[in-house]
Amino acid sequence: MNSILKESVISLNDYFDTNQVDDFFQLVDQVIEQLLLEEAHEQVIHFTLCKASLYFNVSHLTLASQVLAENATYIEKYGDVAQKIRYLNTLAAIQGRNDDLEQAFMYLDRAKQLAEQYDRTHLVKIYHNLSVYYFNQQQFDESLLYAQKSMAYFAATRKEDTQNNRALMNYAKILIAMERLEEADELLEIVKAQLQEDDGESRLAWVKTYVEWLEKQQQFDKAYAVLKQEIAQHPNKHSWNKELYELLCSLSKKTQSKRHYFQDLKQLKQTMDLVNADFVTTQLQSVKKYVDIEQLQKIAWCDPLTNVHNRKYLEEHYEVFSLRYHQHTVLVFDIDHFKEINDTFGHISGDQAIQQMADAVNYFFEQQKAMFVRYGGDEFYVYYQGPSEADVVAFAHYFHETLIAESFTYEHMTLPLSVSMGSVYAAETHTYTEWFEAADSVLYEVKRQKRGELHYKTV
């Protein structure tokens, strides 16, 4: 590695560590290109993950996903254990932010398996994230178990106080949800003493958890007063105050007069406007300078693994699409025994199976002017409108026969690619989620009775 490239690598790391977004994006692609020529795989993966992380930090989740998807095979081939764990953690964070908790859990579980087998130093963060996942699923016993594991690793590795506070706050939230209020109170007092004059994210988390504890104690007036005081102390922290105002309005509706409640709602709206203005004029604009603006919308609607449309596209286009005809049909399908493909050949092979299936039928849907969407994991959603019920039945059967004729090739091995499919038809419009639930229930019956078939239902 020549001296100029070494200096660029040092500078790029410094830009990332100090969150100098403009400088980082001006340099990163050039440095990665030079590192690829040098076959400096570790550094290439490091900066690729940094790039995805920065996109994630400014809520460009689609671009973060795209960076990771484009480099998945490279990371699998050349990444060390720590980098693969970091890659999986980032994917989990993206899916969590997108409210796809099943996908988030899948990535976290894979990261946990790697860490437990090869590098246990990463388990602090992974166990903490698993605890948060189970908390969001309201599986509090599992959440508590992983919180305890995370805290044990914090103690063993002597992590810094901010991380320890995060673990304690998570633990307190679980105890509150489980109505173990005295234990939660003790933890909140410990964290409060450690925070002292801290005005960072740990302070915000403490305030929100303390207010939740007060509400559990039926101390609504005190909770309202705490929030008011906290907002007054930080008038310029718009993002912070947005979260506090959301809690305040919930309390205000229950404890204050209508006049005060509407005043609080007005303050929340003003704060949200300030948050949006801050975001547009700072971080988001910094990143947009280094991407093709005209392609952003197309990217946002595209699933990076398969290059077919994603759920966001479905959400934004369904209403217009559904008004064109009177007859509607929805197909929901997935790959049979997909977990076995992953477990036998690895997750990269699973991704390739999904890609191959999408490639096999995408052109067919384009010709039929059907909406074809990767809904999540190996599950796909097709929305089609034909002139008659007989027409859409024929469409469903033809498509199913097209898919079951496919085979999956991986490292010179050819395997049948079996799919199960549920289809529903109606002569009236439903929401896309109602369609999905109806077709998914039919798909479940297929899987319960005999995989690899198409079942059809009129609703």
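Which residues point one way from E2, and which the other way? The structure is a predicted model, in which local features need pLDDT of at least 70 and side-chain atom pairs count only at pLDDT 80 or more, while totals for chains, interfaces and linings use all residues. Residues are numbered from 1 along each chain as its sequence is written, and side-chain values use heavy atoms, with hydrogens and water left out.

His-328, Val-330, Val-332 and Asp-334 point one way from E2, whereas Thr-329, Leu-331, Phe-333 and Ile-335 point the other way. Eight of the eight residues of this strand, which spans residues 328-335, are buried (under 20% relative accessible area with a 1.4 Å probe, protein chains only; exposed means over 50%, and partly exposed lies in between). Strands (E, at least two residues) and helices (H or I, at least four) are DSSP runs numbered from the N terminus.

E2 pairs with two strands, where pairing requires that DSSP find at least two bridges. With E7 (residues 419-426) the sense is antiparallel, over eight bridges, and Leu-331 faces Ser-423 across this pairing. E4 (residues 379-384) is also antiparallel to E2 and is joined to it by six bridges; here Asp-334 stands opposite Glu-379.

Helix H13 comprises 14 residues, 220-233, and its first and last C-alpha atoms are 20 Å apart, close to the 20 Å expected (1.5 Å times one less than the number of residues). Its buried residues are Ala-223, Tyr-224, Val-226, Leu-227, Glu-230 and Ile-231. They lie on the same side of H13 because they cover an arc of only 160° around the axis, taken from the directions from the helix axis to the C-beta atoms. Asp-221 and Ala-232, on the other side, are exposed.
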